[in-house]
Amino acid sequence: MAARYRITAGTKRRGASPNQGATRSAPDAMLVALGSEFEALSAELAALQKGTVVTFCPSAPSDQLNGETAIHPSAERIEAILALLDPIERAIMTTPAASVVGLGVKARHAAHVLSHYWIDSTNTLDWDVRAVRLLIESTCNVAGVGLQPSQ
């Protein structure tokens, strides 16, 4: 599951949040709420992944560990975030968009899932990858939201 999340220290946040200008009564209020949750958890995940996660504590006496490996609290939080993200991402994917705002939420999520499409310049990409990347970028542009691929 961790391979799906290509968030690195070099990721830059660009543009507005996908819920800019949306209200609770808007046709895509549920998508907007899911997008907000996704953005918040993804930002926390990125921050945790920038730090050093220690999964084994060699300086701890073995009697304190009782034969178990010490887990750094941030590693536990990363696992918790990944578990929280899964149903949110599934809901974003299965909830139909009824407006451009909802479409922006879905496009930003697609950019996250396909973050490896933003590693190379557009001109060097295979035709199908280039088509999807340009579609996502255009969709975000029309929706008025910034694109935040996680590289």
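**Helix packing around α1**

User: Which residues in α1 meet α3?

Analyst: On α1 they are Leu 31, Leu 34, Gly 35, Glu 37, Phe 38, Leu 41, Ser 42, Glu 44, Leu 45, Leu 48 and Gln 49. Their α3 counterparts include Arg 77, Ile 81, Leu 85 and Ile 88. Contact means heavy atoms within 4.5 Å; helices are DSSP runs (H or I, at least four residues), numbered from the N terminus.

User: Where do the coordinates come from?

Analyst: This is a predicted model, where local features need pLDDT of at least 70 and side-chain atom pairs pLDDT 80 or more, while totals for chains, interfaces and linings use all residues. Residues are numbered from 1 along each chain as its sequence is written, and side-chain values use heavy atoms, without hydrogens or water.

User: At what angle do α1 and α3 pack?

Analyst: About 155 degrees, with axes 9 Å apart. So α1 is roughly antiparallel to α3 (over 145 degrees; under 35 is roughly parallel, 65 to 115 roughly perpendicular, the rest oblique). Axes are lines fitted to C-alpha atoms over the stretch in contact, and angles run from 0 to 180 degrees between N-to-C directions.

User: And α1 with α4, what angle?

Analyst: About 30 degrees, axes 9 Å apart; α1 and α4 are therefore roughly parallel.

User: Switching topic: which residues touch the most other members of the largest nonpolar core?

Analyst: Leu 45, Ile 81, Leu 85, Ile 88 and Ile 92, out of 14. α3 gives the most, with seven residues. A core is a set of buried Ala, Val, Leu, Ile, Met, Phe, Trp, Tyr and Cys residues joined through side-chain atoms within 4.5 Å; buried means under 20% relative accessible area (1.4 Å probe, protein chains only).

How values were computed. Helix = DSSP H or I, 4+ residues; strand = E, 2+ residues; numbered from the N terminus. Buried < 20%, exposed > 50% of the residue type's maximum accessible area, 1.4 Å probe, protein only.
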